[in-house]
Amino acid sequence: MNLYRVVYPYSLSGTLESWLRTNMIQPEFSYAEEVTCTFASMSDDIPEQIRDRTRGTVQAEFIGTDIQETPV
């Protein structure tokens with residue numbers, strides 16, 4: 001699972017935040033001068049999807065991978 005971070009202005013909050021909450025795994029939001037969201041996804045094309053949704057104004061930063069163990 002890939003981990004990402006996006007930082008975006010409040011003006012994009014309505015559309016982007018709802019999409020992140022609905023489509024990403026464990027999104028965590030923090031609010032300061034801008035909104036920061038850290039989340040996980042199984043999809044490799046998340047940077048392109050976010051770029052497309054925000055018309056190129058927001059970039060997803062890849063921050064690592066997380067291996068989830070499944071119980072045996």
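I25 stands opposite A40 in β3, where a strand is a DSSP run (E, at least two residues) and a helix likewise (H or I, at least four), each numbered from the N terminus. This is a predicted model, in which local features need pLDDT of at least 70 and side-chain atom pairs count only at pLDDT 80 or more, while totals for chains, interfaces and linings use all residues. Residues are numbered from 1 along each chain as its sequence is written, and side-chain values use heavy atoms, with hydrogens and water left out.

Five bridges join β2 to β3, and the two strands run antiparallel; strands count as paired if DSSP finds at least two bridges between them. Strands of a sheet pair through backbone hydrogen bonds, either parallel or antiparallel. In this model, four strands form an open sheet in the order β2-β3-β1-β4, with antiparallel pairing. The edge strands, β2 and β4, each pair on one side only. Neighbouring strands are turned by 20° against each other on average, direction ignored; such angles run from 0 to 180 degrees between N-to-C directions of lines fitted to C-alpha atoms, for helices over the stretch in contact.

| Strand | Residues |
|---|---|
| β1 | 2-8 |
| β2 | 25-31 |
| β3 | 35-41 |
| β4 | 61-65 |

The chain has two helices and four strands, and along the sequence they follow the pattern β-α-β-β-α-β. Helix α1 lies across β1, β2 and β3, running at about 150° to β2.

In helix α2 (residues 46-53), the buried residues are I46, P47 and I50; buried means under 20% relative accessible area, with a 1.4 Å probe and protein chains only. Seen down the axis of α2, these residues fall within an arc of 100°, so they line one face of the helix; the arc is that of the directions from the helix axis to the C-beta atoms. Their cover includes β1, α1 and β3. After α2 comes R55, whose phi is positive, near 55°.

The largest nonpolar core has 15 residues, and V6, Y8, W19, L20, F39, I46 and I50 have the most contacts inside it. Such a core is a set of buried Ala, Val, Leu, Ile, Met, Phe, Trp, Tyr and Cys residues joined through side-chain atoms within 4.5 Å. The elements giving two or more residues to this core are β1, α1, β3 and α2. Leaving aside neighbours within four places in sequence, V6 is in contact (heavy atoms within 4.5 Å) with residues including L20, F39 and I50. Of the 72 residues of the chain, 32% count as buried.

Conventions:
Buried means under 20% relative accessible area, exposed over 50%, partly exposed in between (1.4 Å probe, protein chains only).
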